[in-house]
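Hi,

Here is the structure I promised to pass on.

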Amino acid sequence: MATAYDNFTDTAATLLNSHTADTGQTWASAPSNSGNMYIYTNGVELQSRGDGTDSHYSSFVPATAEYDVTISLSNTASGTLSVVASFRQSTSVDTVYRGFWNGYGPYWELRRIVAGSSTTLATAGGNSPVGTTGNLKFEGRDATKKLFWGATELLSNTDNTITAAGRPGVRGGDAGSSRITYWEAVDVAGGGTGNPWNYYAQC
């Protein structure tokens, strides 16, 4: 399986768009992005730098539209939108699937955005990430989209409006809401060498 991953090790305050991932990929602003994310003070975490509009995608190109995106969340605050795992992100229009903790619910949410129009596809309560550290995984298998917190499946939906592979990415939460210590995209059909930092090992 081909894999891209990033531990966000860099000089403190480096903007994500100026950072290179561990596996060599770069980051770019997604369409309709109006903010940025930056390397946190210890140089190995990523934090939002705005109001939740900080959307970015990796230069990693999946071989198909079936892949996984995992982020390791930490310092999630109550009553906020956490950092988002982005799936099938278009590089030309504001079209993407997003999985995240919606602290205003509070619940986990799977959301679809097509040309800027947002639709909530599924929500699920429980397994709050507030005050804990753990992994959020967005799993995409053809029409089935699933979110996991650790090894626990949170929700599932079969919407397949967005069929292009797009790019895997990340979106900032509310300012100060949460940070991520690790990001990974695994192309399940892409061949190549897998990442030794696998999802369950990070739990």
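Arg 112 touches Val 96, Tyr 97, Ser 117, Ser 118, Thr 119, Leu 121, Asp 159, Thr 161 and Ile 162, leaving aside residues up to four places away in sequence; contact here means heavy atoms within 4.5 Å. Before I go on: this is a predicted model, so local features need pLDDT of at least 70 and side-chain atom pairs count only at pLDDT 80 or more, while totals for chains, interfaces and linings use all residues. Residues are numbered from 1 along each chain as its sequence is written, and side-chain values use heavy atoms, with hydrogens and water left out.

Back to that arginine. Arg 112 is found in strand E9; helices (H or I, at least four residues) and strands (E, at least two) are DSSP runs, numbered from the N terminus. Its relative accessible area is 16%, so Arg 112 is buried. The cut-offs are under 20% relative accessible area for buried, over 50% for exposed, and partly exposed in between (1.4 Å probe, protein chains only). Two of the residues it touches also show up as polar partners: the side chain of Arg 112 makes a polar contact of 2.6 Å with the side chain of Asp 159, and another of 3.2 Å with the side chain of Thr 161. A polar contact is a pair of N or O atoms within 3.5 Å; within protein, one must be able to donate a hydrogen and the other to accept it, and residues adjacent in sequence count only if both atoms are side-chain atoms.

Next, Arg 98, in strand E8 (residues 96-102). What Arg 98 does have is a polar contact of 3.3 Å with the side chain of Ser 55. Its contacts, again without residues up to four places away in sequence, include Glu 109, Arg 111, Phe 138 and Arg 171.

On to the salt bridges, of which a search of the whole structure finds seven. In one of them, Arg 179 meets Glu 45, with the closest N and O atoms 2.5 Å apart. The pair links distant parts of the chain, 134 residues apart: Arg 179 is in strand E15 (residues 179-187), and Glu 45 is in the loop between strand E3 (36-39) and strand E4 (46-49). Both Arg 179 and Glu 45 are buried. Arg 179 also has its charged end over the ring of Tyr 40, 3.6 Å from the ring centre; the criterion is NZ of Lys or CZ of Arg within 6 Å of the ring centre and within 35 degrees of the ring normal.

Lys 137 counts as buried at 9% relative accessibility, and Glu 139 does at 15%. Asp 68 is buried too. Asp 68, Lys 137, Glu 139 and Arg 141 are linked in a network of salt bridges. The charged end of Lys 137 also sits over the ring of Phe 148, 5.6 Å from its centre.

Last, the aromatics: there are eight aromatic pairs in the whole structure. Rings of Phe, Tyr and Trp (its six-membered ring) pair if their centres lie within 6.5 Å; planes under 30 degrees apart count as stacked, over 60 as edge-to-face and the rest as tilted. Tyr 67 and Phe 87 make a tilted pair, 4.6 Å centre to centre with 50 degrees between the planes. Tyr 67 is in strand E6 (residues 67-74) and Phe 87 in strand E7 (residues 84-89), 20 residues apart. Tyr 67 is buried at a relative accessible area of 0%, and Phe 87 is buried at 0%. Ring pairs join Tyr 67 and Phe 87 with Tyr 97 and Phe 138 into a cluster.

Cheers

Technical notes
Salt bridge = Lys/Arg side-chain N within 4 Å of Asp/Glu carboxyl O.
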